[in-house]
Amino acid sequence: MQQVINDLQALRGIADISAVTIASELGQVSRFESARQLMGYCGVIPSEDSSG
């Protein structure tokens with residue numbers, strides 16, 4: 001499980017507690033084809049919210 005947690009922390013916006021929580025909820029990470037798909041499932045798609 002430690003390797004999955006370390007790998008999740010490589011994604012933008014994921015730190016220690018978030019990685020542990022996501023890892024415990026995901027189950028098999030291999031069911032996702034890409035990091036983008038995994039991040040979308042977890043709801044951590046980075047975005048910018050600024051005024052012009």
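H1 and H2 are oblique to each other, the class left over once angles under 35 degrees are called roughly parallel, over 145 roughly antiparallel and 65 to 115 roughly perpendicular. The two helices pack at an angle of about 125 degrees, and their axes lie 9 Å apart. Here the axes are lines fitted to C-alpha atoms, for helices over the stretch in contact, and angles run from 0 to 180 degrees between N-to-C directions. On the H1 side the contact is made by Val4, Ile5, Leu8 and Gln9, and on the H2 side by Asp16, Ala19, Val20, Ile22 and Ala23; contact means heavy atoms within 4.5 Å.

The model is predicted, with local features needing pLDDT of at least 70 and side-chain atom pairs counting only at pLDDT 80 or more, while totals for chains, interfaces and linings use all residues. Residues are numbered from 1 along each chain as its sequence is written, and side-chain values use heavy atoms, with hydrogens and water left out.

Seen as a whole, the protein chain has three helices and zero strands, where helices (H or I, at least four residues) and strands (E, at least two) are DSSP runs numbered from the N terminus. Read along the sequence, the pattern is α-α-α. The C-alpha trace spans about 45 × 25 × 15 Å along its principal axes. Of the 52 residues in the protein chain, 21% are buried; buried means under 20% relative accessible area, exposed over 50%, and partly exposed in between (1.4 Å probe, protein chains only). The chain exposes about 4,100 Å², with carbon and sulfur atoms supplying 48% of it, as given by the Shrake-Rupley method with a 1.4 Å probe. Among contacts with a separation of 6 or more, 25% come from residues 24 or more positions apart.

Helix H2 deserves a paragraph of its own. Within H2 (residues 16-26), the buried residues are Ala19, Ile22, Ala23 and Leu26. These residues are on the same side of H2 because they cover an arc of only 100 degrees around the axis, the arc being that of the directions from the helix axis to the C-beta atoms. Ile17, Ser24 and Glu25, on the other side of H2, are exposed. The partners of the buried H2 residues are helix H1 (2-9) and helix H3 (35-42). After H2 comes Gly27, with a positive phi near 85 degrees.

Leu38, found in H3, is buried at a relative accessible area of 7%. Not counting residues up to four places away in sequence, Leu38 touches Leu8, Leu11, Leu26, Val29 and Phe32. One of these, Leu11, is 27 residues from Leu38 along the chain, and the two C-alpha atoms are separated by 9.8 Å.

Cys42 also belongs to H3 and is partly exposed, with a relative accessible area of 26%. With neighbours within four places in sequence left aside, Cys42 is in contact with Ile22 and Leu26, both of them buried residues of H2. The C-alpha atoms of Cys42 and Leu26 lie 8.7 Å apart, for a sequence separation of 16 residues.

Gln37, likewise placed in H3, counts as partly exposed at 38% relative accessibility. Beyond the residues up to four places away in sequence, Gln37 touches Arg31 and Phe32. Phe32 is also among the residues touched by Leu38. From Gln37 to Ala15, the C-alpha to C-alpha distance is 18 Å, and the two are 22 residues apart in sequence.

Gly13 and Cys42 are 29 residues apart along the chain, with their C-alpha atoms separated by 11 Å.
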